[in-house]
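Dear colleague,

Please find the structure below, followed by my notes on what I found in it.

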Amino acid sequence: MSVIHHSSVLHITMEQYNNLGQVSNISLRPFGWHSNLKEKFQCVFEGIADAGNRTILNQIYTELYITEGGTAEVNDEHEVRQIETASRKPHRPETAIRCEDIFKPSPGRDKPIRTVMTQGVAGIGKTVLTQKFTLDWAEDKANQDIQFTFPFTFRELNVLKEKKFSLVELVHHFFTETKEICKFEEFQVVFIFDGLDECRLPLDFHNTEILTDDTESTSVDVLLTNLIRGKLLPSARLWITTRPAAANQIPPECVDMMTEVRGFTDPQKEEYFRKRLRDEEQASRIIFHIKTSRSLHIMCHIPVFCWITATVLEDVLKTREGGELPKTLTQMYIHFLVVQLKLKNVRIDGKSEAASVYSGVFTQIFKEESGLYQDKVFCFIHLSVQEFLAALYVHVTFINYGVNLLSQHHSSDSWFELFKNKENFYRSAVDKALHFPNGHLDLFLRFFLGLSLQTNQTLLRGLLKYTESRSKTNHETKSINLFHCLNELNDCSLVGEIQQSMSSGSLSTGNLSPAQWSALVVILLSKSSSLIELDLSNNSLKDEEVNVLCAGLKSPHCKLKILRLRVCNLSERGCEALSLVLSCKSSSLRELDLSNNDLRDEGVKLLATGLKMPHCTLEVLRFVVLFTMHVYNA
């Protein structure tokens, strides 16, 4: 076989390529292309690169739970709330997709997949997923039918907003090793675009000029829209990642397959901690501790939070042998801040400093972005860190200066008025959080109220300079979040009240307060709950309270078998919520007593719909219609 000269790569055709027989793809790739990609993606940096916290990706990588499906509709709920909502849904058997199979058509799909969109909340592992895909390809472990893989981030592309490139020039700009190649249409190419939610380019899919020549120069946004629409380089494959709120920026007809990263399943959480922590005993203790705290366990669906947790608990176990481990989110994030600031003996005293000043301090709080920026740019490693620091700032500003940043009027109160209005200060935060229908301040509120505890302020005493003399969402979701806030305050009185009445395994009570309703639902959601019989008769139930109760009954962790709701003034909406429980596959309910409720015909029809469902396990249903008793035995 004759030698292929370096310059001949410019003009090689697929026909010639197919005639090369056993010659590997590597011979067609520019010199150093594989090694450069391997060097770039073989390590993940825990913090900023200069801090030297390099971790081998293949050593800690834990397979993420990726499924086909999802929606391009806008979901503007707080992303932590989305994680919590997903954790309450019953598990449905779905086919998981492996990272290397992201372009592989599912059984029964004949059409090849050109464009894949993967969505998931912040910190769920989308970027690491694309890094793993690229690394496996560069190491010749997967997808060897691909000749070139080009990983981009929208954050890097934003910088080129005012410049013009052809597609070939854009590739050359980022990947200088490919400058000998002037056309890509003859090769199998994959473009990865990570972080659509960070895109600041005007992606107009309706009015953009059509471009088909990959050597013709235009603006970056025109390049991208034509590439995504398939007008430009139609043979290329595209993988786009995004947070849910930005998924609708690309028309559905331009996406061949929508996938969703669900984060870690419970077994994957354990696998991560055992890989991250080499000490088996330490890993087991941390896993056990996480399981005892519902809020921590839910957050650990997010890989970044698993890393934060491992960082904190590993340090606490080493430095405070026998000490109590953080149980709440507020405690966890305070300890995380302490761990980072121990790296440098820096005291934060409220002075305004640029983020770059603390680049050596917040090595894991801020993530340094490198690439085309002339100046260093930092971003928070996860939105939860940003919300914690925001809550900390509001809290310290009030304690030190008497200024309530949550109020429209930021006037400073006198020392006497400050303590007189302290209760109003916290109440204003609760009111403001409840005002947002999509839970945008839910996590902020948990941190904010958690910081009001003196024990948490003591943890921060060495770091913060306190003034010595002034040390789509509905009602049930808001109630549960307020209960989480009580948990951050280490207030277990509500659960105690409910559990004291449940000592016999059943609960019979009069009118429950809204707070007690929230506590009851949290108990129903708990894996450790042993409640099998619940009597809430003689409560005048509002629709919101029935919805709260049904949210717990649909949980796969709920073990309740007998529910009595006699004389509860149930409405048709209440019957509709109960019907959904009856049809739920995860429901354990066997007996339901609705005696002495005027359900009316519509209510009975709704219940009948639930009874007809194949997953209904109810054996006995009691109710009254027109003052006539009916007993149905399955």
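Helices (H or I, at least four residues) and strands (E, at least two) are DSSP runs that are numbered from the N terminus. This is a predicted model, in which local features need pLDDT of at least 70 and side-chain atom pairs count only at pLDDT 80 or more, while totals for chains, interfaces and linings use all residues. Residues are numbered from 1 along each chain as its sequence is written, and side-chain values use heavy atoms, with hydrogens and water left out.

I begin with Arg564, which lies in strand β15 (residues 562-564). Arg564 has a relative accessible area of 19% and is therefore buried (buried means under 20% relative accessible area, exposed over 50%, and partly exposed in between, with a 1.4 Å probe and protein chains only). Its side chain and that of Glu533 are joined by a polar contact of 2.4 Å, that is, a pair of N or O atoms within 3.5 Å, where within protein one must be able to donate a hydrogen and the other to accept it, and where residues adjacent in sequence count only if both atoms are side-chain atoms. Not counting residues up to four places away in sequence, Arg564 touches, among others, Leu534, Asp535, Glu591 and Asp593, contact meaning heavy atoms within 4.5 Å.

Asp598, in strand β16 (residues 591-598), is partly exposed, with a relative accessible area of 48%. Asp598 and Val567 are 31 residues apart in sequence, and their C-alpha atoms are 8.9 Å apart in space.

Leaving aside neighbours within four places in sequence, Phe305 is in contact with Leu296, Met299, Cys300, Leu329, Met332 and Tyr333.
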